[in-house]
Amino acid sequence: MSAHAPTAALADLRAAEYPGLPAGYLNAATHGLAPARTIAALRGALDAWAAGRPDTDGYETAVADARAAFARVTGVPASQVALASTVAGSVGLIAAALPQGAEVVAYQEDFSSLVHPFAARPDLRLRLVPLQDLAAAVRPGTALVAVSAAQSADGRVADLPAIRAAAAEHGARTLLDATQSMGWLPLDAADYDYVVCHGYKWLVSPHGACFLTVRPGAEPTLSPAFTGWYGADDPWGSCYGPITDLAPGARRFDARPAYLAYVGAAASLALIAEVGVAAIHAHDLALAERLRAGFTALGYAPVPGPSAIVAVPDVAPEVHRRLTDAGVAFSARAGNLRFAPHFYNTPADVDLALAAAA
């Protein structure tokens, strides 16, 4: 895909789903922008609620549609997708079920929601290592290796094939946080025992729509002690007393969904599935490389690598102010100026940022 212009399909998509979007929003790593279809779905649900007609059946349809669309995007059957509420909650579900003394290997500066649930159990052996050493750190006796596919702080993409190979060699399970990657980086959730992903960033969904995939055979490693009525095989028939029959597959770990969040997620995830992660990947990386090349030409040293997250260290505060004054949306993380272009962006967004930074 050309670095100078989006494909005709993406240009048409921007016109239809993001009409009137001003230039400069380069912050999908903080919050993705909801498309028009998602806003319309949410408004319809809110209007019905305001009219005293909350549509529970419609909510349940949206939940099912969101689960199915997330499954399509991640390459697994819907039966392997559980509904979650937060990344930390899902990781906590995994951490709580590990046996005493189990060794967990993770990146030392990964996002706190992925690391802290293990650190909160002092009876686990948590080994924190540099990102580039993660695969080599997996050894006989390692129970789990956990990593974000793309790092929030600087955009670096983990060496996932090497990590999977090391885990397979030593019999360790794998946990992937895909919150900063799912939606732009092609990933197959079937390659990992667990994948957790909140949808409000690159999946352009509302806060509260979060997912956990569980590979077949890994279900017994998670405790059903956190399961409520929604994880029953017949949720509406299991509202009272102990649950007799849990749902099959990953659905037994469902968190009660925040209905409005999933109304929005169903629409947003359908769009991601329609466009295709491969096309988004090519588009986002082209814009990211344009940013890196531009900041390099200005004398900076952006963090290298094929990532849609662009991190530029050692940027003076006055540059931050100029970017803000120019209407550029970005973020500052771990000493880096961070940009995150997505499928609704064009080269004009990138050029606006580079002009302001010059």
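Thr38 lies in helix α2 (residues 36–50), where helices are DSSP runs of H or I with at least four residues and strands are runs of E with at least two, numbered from the N terminus. At 1% relative accessibility, Thr38 counts as buried, the term standing for under 20% relative accessible area, with exposed meaning over 50% and partly exposed the range in between (1.4 Å probe, protein chains only). Leaving out residues up to four places away in sequence, Thr38 touches Gly264, Ala267 and Ser268, contact being defined as heavy atoms within 4.5 Å.

The model is predicted, with local features needing pLDDT of at least 70 and side-chain atom pairs counting only at pLDDT 80 or more, while totals for chains, interfaces and linings use all residues. Residues are numbered from 1 along each chain as its sequence is written, and side-chain values use heavy atoms, with hydrogens and water left out.

**The seven-stranded sheet**

Seven strands form an open sheet of mixed pairing, in the order β1-β7-β6-β5-β4-β2-β3; two strands pair if DSSP finds at least two bridges between them. Its edge strands are β1 (81–84) and β3 (125–129), each of which pairs on one side only. Neighbouring strands of this sheet are turned by 20° against each other on average, direction ignored.

Strand β1 is covered on both faces, with Val81 and Leu83 buried on one side and Ala82 and Ala84 buried on the other. β1 runs antiparallel to β7, to which four bridges join it, and Val81 stands opposite Thr213 in β7. Strand β7 (residues 210–214) also pairs with β6 (residues 194–198), in the antiparallel sense and over five bridges; here Cys197 stands opposite Phe211 in β7.

Ser223 is found in the loop between β7 and α8 (259–275), and its 22% relative accessibility makes it partly exposed. Apart from neighbours within four places in sequence, Ser223 is in contact with Leu93, Ala97 and Phe253. Ser223 and Ile94 are 129 residues apart in sequence, yet their C-alpha atoms are 7.9 Å apart in space.

**The three-stranded sheet**

A further open sheet has three strands in the order β8-β10-β9, with antiparallel pairing. Its edge strands, β8 (310–313) and β9 (331–333), each pair on one side only, and the twist averages 35° from one strand to the next. β8 and β10 (residues 336–339) run antiparallel and are joined by four bridges, with Pro313 opposite Asn336 in β10.

| α7 (residues 160–170) | β4, β5 | about 170° to β4 |

The axes of α9 (residues 277–297) and α11 (residues 347–357) come within 10 Å and cross at roughly 20°. That makes α9 roughly parallel to α11, a description for angles under 35 degrees, whereas those over 145 count as roughly antiparallel, 65 to 115 as roughly perpendicular and the rest as oblique. The contact is made by Leu287, Arg290, Leu291, Gly294 and Phe295 of α9 together with Pro347, Val350, Asp351, Ala353, Leu354 and Ala357 of α11. These residues divide into eight nonpolar, one polar and two charged, with Ala, Val, Leu, Ile, Met, Phe, Trp, Tyr, Cys and Pro counted as nonpolar, Asp, Glu, Lys and Arg as charged, and the others, Gly among them, as polar.

Definitions and conventions: Axes fitted to C-alpha atoms, helices over the stretch in contact; angles between N-to-C directions.
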